[in-house]
Amino acid sequence: MKTSFKLTIVMLFALFITACADSGKVDKSVADNNLVLGLLKTAESSAKEAGQIEIRGTYFQGSCNAGTCTTPGSNTVSIQSNFGTTTGYLYVDYVNGTGTSTYRVNAEIVEFSNTERVLYYKPKNSANISALIWTITAENEILICDVFNGKPSLAETKTDLTSRKASGTVHTTNPKAAGCNGSFAFNFLTRTF
């Protein structure tokens, strides 16, 4: 074999190995761009996650009276928000002592505010919108009050809630004893899992 032929084969082999080593590699500028896009998506997702309703989850519900709350029974409350929006759904199932559902709420959350700790919901079988408020105690207990103030529009429901708060009918000062629709106490939630 001639030396020039051997040299040609060695050079082709080296070129082949180099080409194989470079296959699948991305240009540095493309890689940097992909990294920046990934970081932006992560930041966007984190912002959307941070915007979820504060009390999302499924809970057992107990009642409170005169400052004491009962151990949650079979009543369940599910609250979820749609990712990246101020909407979601509310599902409540009240169960009597025999284990039979006596009252269900299947509703769309039309708006919520973690700052004001309120959600406005419209049951599937109703045209009216009602408010549900919550508070979280120093012990991280979640207490809710369904204001049952159904009005035809969100604006009317907000006005009614503001009026009830101003008159002291609805307040979170001592939720285990009063503040929910007059002298009623709030309900106590415990996560199901």
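The structure holds 2 of them, a disulfide being a pair of cysteine sulfur atoms within 2.5 Å.

I noted that this is a predicted model, in which local features need pLDDT of at least 70 and side-chain atom pairs count only at pLDDT 80 or more, while totals for chains, interfaces and linings use all residues. Residues are numbered from 1 along each chain as its sequence is written, and side-chain values use heavy atoms, with hydrogens and water left out.

**Entry: Cys64 and Cys69**

I looked up this pair and found the sulfur atoms 2.0 Å apart. The torsion about the S-S bond is about 95°, so this disulfide is right-handed. For accessibility I used relative accessible area with a 1.4 Å probe and protein chains only: buried is under 20%, exposed is over 50%, and partly exposed is in between. Cys64 counts as buried because its relative accessibility is 9%. Cys69, at 23%, therefore counts as partly exposed.

**Entry: Cys145 and Cys180**

Here the sulfur atoms are 2.1 Å apart. The link is right-handed, with 85° about the S-S bond. It connects distant parts of the chain, 35 residues apart: Cys145 is in strand β8 (residues 142-146), and Cys180 is in the loop between α3 (154-167) and β9 (187-191). I took elements as DSSP runs numbered from the N terminus, helices being H or I with at least four residues and strands E with at least two. Both Cys145 and Cys180 are buried.

**Entry: strands around β9**

I then checked what β9 pairs with, where pairing requires that DSSP finds at least two bridges between two strands. Strand β1 (residues 57-65) runs antiparallel to β9, joined by 5 bridges. Phe60 has Thr190 in β9 as its bridge partner. β8 is also antiparallel to β9, with 3 bridges. Leu143 stands opposite Phe188 in β9.

**Entry: the largest pocket**

I searched on a 1 Å grid over the protein atoms alone, a pocket being an open set of points where a 1.4 Å probe fits, with protein on both sides within 12 Å along at least five of seven lines; lining residues have an atom within 4 Å of a point. The largest pocket holds about 320 Å³ of space. Its lining has 22 residues, with Gln61, Tyr94, Asp146, Phe148 and Asn187 nearest the centre. The elements giving two or more residues to this lining are β1, β4 (88-95) and β8. I sorted the lining residues into 12 nonpolar, 9 polar and 1 charged.

Technical notes:
Points joined across faces, edges and corners; volume = space filled by probe spheres on them. Nonpolar A, V, L, I, M, F, W, Y, C, P; charged D, E, K, R; others polar.
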